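Subject: Structure handover

Hello,

Here is the structure I said I would pass on. My notes on it follow below the entry.

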Amino acid sequence: MHAVSLPQASVRQTALRTGPAPDLGGAIYTSECALTRRIDGSYTIAMPDRFCRCSSNDARPSRSASGRSFFQGPETLGRWHLDRPTPFERIRVLDPAPDMRMMATIMARIKALFPAVADAGVVSSWGGYVDSTPDAIPVISPVESIGGVFVAAGCSGHGFGAGPGIGHLAADLVAGDAASVDPDPFRLSRFTDRSKIVIGAI
């Protein structure tokens, strides 16, 4: 409504949890899969390239689909009335079902790379959305065209782990305090000031 552009894609992701498996390490990241060991000895597993590919020039094919937000969400509307239910009120929860084809792909990769983990089987799975920016770096920034408005979004799959740091920097910016880290790489204007966009450059 205020002509502010925040390039961010909501990428559907699926993750799963195995049964207890041999300890191969606390965190394993490959181009094929990402595993995190849980306290009970099981692993949480996802495909890391699911959101990175939407930000890159990778030509590998990727399935796409349109959910309800594509047609009814705030990104589809130029304006809404504040005295009526807004798009944010109509779509309050994003809780997609896990993608069964993606689960099969994940387990095929795990079986090829870590057969002992695959042998532990799948105990549970879930879906969600990863808010990914073109360079896979979050936006933590004032909105220069609107005084008093700040953005902290687009964590590209790392919001849970980086959340405390993101919150600290956002609080510094809002309060006008000295920034705890250099805020320049996180500025919103990098997408419009002709800066070269490099994926994961920080």
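Thr-14 sits in strand β1, which covers residues 9-18. The model is predicted, and what follows should be read with that in mind. Thr-14 is buried, since its relative accessible area is 0%. A polar atom of the Thr-14 side chain lies 2.9 Å from the backbone nitrogen of Asp-99. Beyond four places in sequence, the contacts of Thr-14 include Pro-98 and Asp-99, along with Met-102, Met-103 and Ile-106. Ile-45, Ala-46, Trp-126 and Gly-127 are also among the residues that Thr-14 contacts.

With a relative accessibility of 0%, Leu-16 counts as buried. Leu-16 and Met-107 are 91 residues apart along the chain, and their C-alpha atoms are separated by 9.3 Å.

Strand β4 (residues 43-46) is covered on both faces. Tyr-43 and Ile-45 are buried on one side, and Thr-44 and Ala-46 are buried on the other. β4 is joined to β1 by 3 bridges, the two strands running antiparallel. Arg-17 has Thr-44 as its bridge partner in β4. Strand β3 (residues 34-37) is also antiparallel to β4, with 4 bridges between them. In that pair, Thr-36 stands opposite Thr-44, and Ala-34 has Ala-46 as its bridge partner. β3 and β4 make a hairpin with 5 residues between them. Gly-41, in the turn, has a positive phi of about 90°.

Is Asp-23 buried or exposed? Asp-23 is exposed, because its relative accessible area is 56% and the cut-off for exposed is over 50%. Asp-23 is located in the loop between β1 and β2 (27-29). A polar atom of the Asp-23 side chain is 2.9 Å from the backbone nitrogen of Gly-25. Leaving out residues up to four places away in sequence, Asp-23 touches Arg-37 and Tyr-43. Asp-23 and Arg-37 lie 14 residues apart along the chain, with their C-alpha atoms separated by 7.8 Å.

Last, the confidence scores. The protein chain has an average pLDDT of 83, and 84% of the residues score at least 70. Over residues 51-62, pLDDT stays under 50. For that stretch, the model has 22 contacts beyond four places in sequence.

Regards

Terms used: Residues are numbered from 1 along each chain as its sequence is written. This is a predicted model: local features need pLDDT of at least 70, side-chain atom pairs count only at pLDDT 80 or more; totals for chains, interfaces and linings use all residues. Side-chain values use heavy atoms; hydrogens and water are left out. pLDDT is the predictor's confidence in each residue, from 0 to 100. Contact means heavy atoms within 4.5 Å. Buried means under 20% relative accessible area, exposed over 50%, partly exposed in between (1.4 Å probe, protein chains only). A polar contact is a pair of N or O atoms within 3.5 Å; within protein, one must be able to donate a hydrogen and the other to accept it, and residues adjacent in sequence count only if both atoms are side-chain atoms. Two strands pair if DSSP finds at least two bridges between them.
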